[in-house]
Structures are given as structure tokens and as C-alpha cells.
Amino acid sequence: MRIADGSDRRAALRRRSAWLLAAVLALGISGCGIEAFLREISATPSPDTSASSATPSPDTSPSSAASSAAAGWWHPTQGERFYLQYSGALRIPEAASVVDLDGEDTSAEQVTSLTDAGQHAVCYINAGGFENWRLDKSAFPAAVIGKPLDDWAGERWLDIRQLDVLLPIMASRMDSCAAKGFEAVDPDNMDGYGSNTGFPLRKSHTIRYMTELAKLAHQRGLAIGIKNAVETLDGVTPVIDFAVNEECREYDECQLYAPLVATGKPVFHIEYSGDFDQVCADSPKGFSTVLADLELGPDTKMCS
């Protein structure tokens, strides 16, 4: 997309002013009615009114967020070797380039050891689900907590339509990620629209939520990816920096990432079953693939 220069912006403003004047004259609006009319047409309508849709201004108060944003953020590239571990004593292979770790359970010292070795640390947060063991669990009001996630004890779906409640919580989590030295954030459970969450969630809600999460991440100097939720890729590709996928080979969905890969953005890909050599052989171009166990412990195998 070409960025408009000063003359382009001035021309656009002149055209908008002329349009507004013509509209005012055509409608016969006068006096204080003009001011009300201008306020009304200048307002941006909410794309969804099915639930609370007030979006707070992203919290940019932490100085670390401001300084990181001023420097931009890391842009992952295709071909980087991916590794993730969420349980057990950390055992990160030296060959790993991108390492996905739990944001709360990983210390700043552990992140520093990775970055000092030239590895990129990605901060896992559960943005679409409530977990009853997290330190900030009391920040979630009952109204946003839905039905349990199948097979995951202690986790429940969140009403991601309620941005006014969730965005400040996620902003605080991202502040912690940035303070620890992470370079990116991996928000999980963004595909509630396909599950029995207790809320009437749609793909459009995920797209809107991810768009706001991307703003928060980028303001803090963090890259951000979309995990699974492949049906939303056409809507979120412009605002994300990478994707994380679980089992697209198993469910024959890897080809759905072709448009994202064509933009140069990588897919960090996890399979939980299959022959390792075959899983690696089947890894599509632009994918960085691993074979892991469901506990996501230290035995994850990286494809070369």
C-alpha cells in the first residue's frame, strides 16, 4: 500500500470538505444542526453490536511499551526453525531460532538467555480462554466466562465480543511479555466460533478481537500471530506477523495457509502424531514444523 504524501492528504481533505458542504446544502441543515450532522457522519460505527463493543484506548502508559514501539518490532521470516515448550524443565535446542514459551511461567532471566543466544522468544497467552490457575484470574468477571473447553481441565471459553473487559487484561499480559524481553505474542483459543462456548461467537468477532490485539502488541514492540482459526485468515492476514497451527496435516488444512505464505509470513506448525520423517517431508513451503507430545514438554522434535 502506498503511503499518501502531504499533497495527497491535503487533496483528500479538500475532497472531504467539499462533500460535507454539498451534503449539508442538500439536506438543508443549518445552525447547530450542521455541527450535529458533522459529528454523526464522522463517527465510526461499531462493526458489531451483538454485545458490549466499547473499545478502550490501548494502554500505552508503560515506558517500555513506548520505547519498544518507537523501535518497531520483530518480523519473523520463513525458514526459521521453530520450537515450543509449555511444560517441564526448559531444554531448548541450540538449533532453534524461534522459541514459543508460556508467558507467565517463563522468567525474564530465561528469556534473556535465549535472546543472548540469538534466539527469538514468543510469549504464549490464552486470549480466548479463561484459565483458573493464572495469577490474574480475578480480573475476569463472571459475565465473560463461558463453557468449559473440551478435554482441558480448568479452562473455559471467553466472550471475546466484550472488548472493553478483555483488552485491558490482555494489554497487561503483553506488558509483562515485553518487560521480560519476549519479542512476540502467541494468543491461543481464537477459534471459539466453531465450538460450544456459551456465547454466539462468529468469525467476525475473532477478526475484530485479533485486530485490536495486534494493535496492543505492536504498540509494545511485539510481533503477533494467529493460532489456528484458519477460517479468519483472509481478515487477519494484514495485521498479523505469523501464524501458529496445530495439526493442519492431520486435518488436511495446510493448503489454507497458502495466501498467508504468499505474503512472506511464516507458519509455525505443530503435529502431535505421525511418523516424524513423513511429517517433515509433508511440511509445506513457508512452514516450520515440529512433532510434539500433547503435554508440549521438552521432547519436541524439530524438522530441519
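The model is predicted, so local features need pLDDT of at least 70 and side-chain atom pairs pLDDT 80 or more, while totals for chains, interfaces and linings use all residues. Residues are numbered from 1 along each chain as its sequence is written, and side-chain values use heavy atoms, leaving out hydrogens and water.

Colleague: How many disulfides does a search of the whole structure find?

Modeller: A disulfide is a covalent bond between the sulfur atoms of two cysteines. Here, a pair counts if the cysteine sulfur atoms lie within 2.5 Å. Searching the whole structure gives three.

Colleague: Which parts does the disulfide of cysteine 123 and cysteine 177 tie together?

Modeller: The S to S distance of this pair is 2.1 Å. Helices (H or I, at least four residues) and strands (E, at least two) are DSSP runs, numbered from the N terminus. Cysteine 123 and cysteine 177 are 54 residues apart in sequence, and the parts they tie together are strand E3 (residues 120-126) and helix H5 (residues 163-180).

Colleague: Is the disulfide of cysteine 248 and cysteine 254 left-handed or right-handed?

Modeller: The sulfur atoms of cysteine 248 and cysteine 254 are 2.0 Å apart. The torsion about their S-S bond is about 85°, so the disulfide is right-handed.

Colleague: Does cysteine 280 count as buried or partly exposed?

Modeller: Buried means under 20% relative accessible area, exposed over 50%, and partly exposed in between (1.4 Å probe, protein chains only). Its disulfide partner is cysteine 303, which is buried at 9%. Cysteine 280 has 22% relative accessibility, so it counts as partly exposed.
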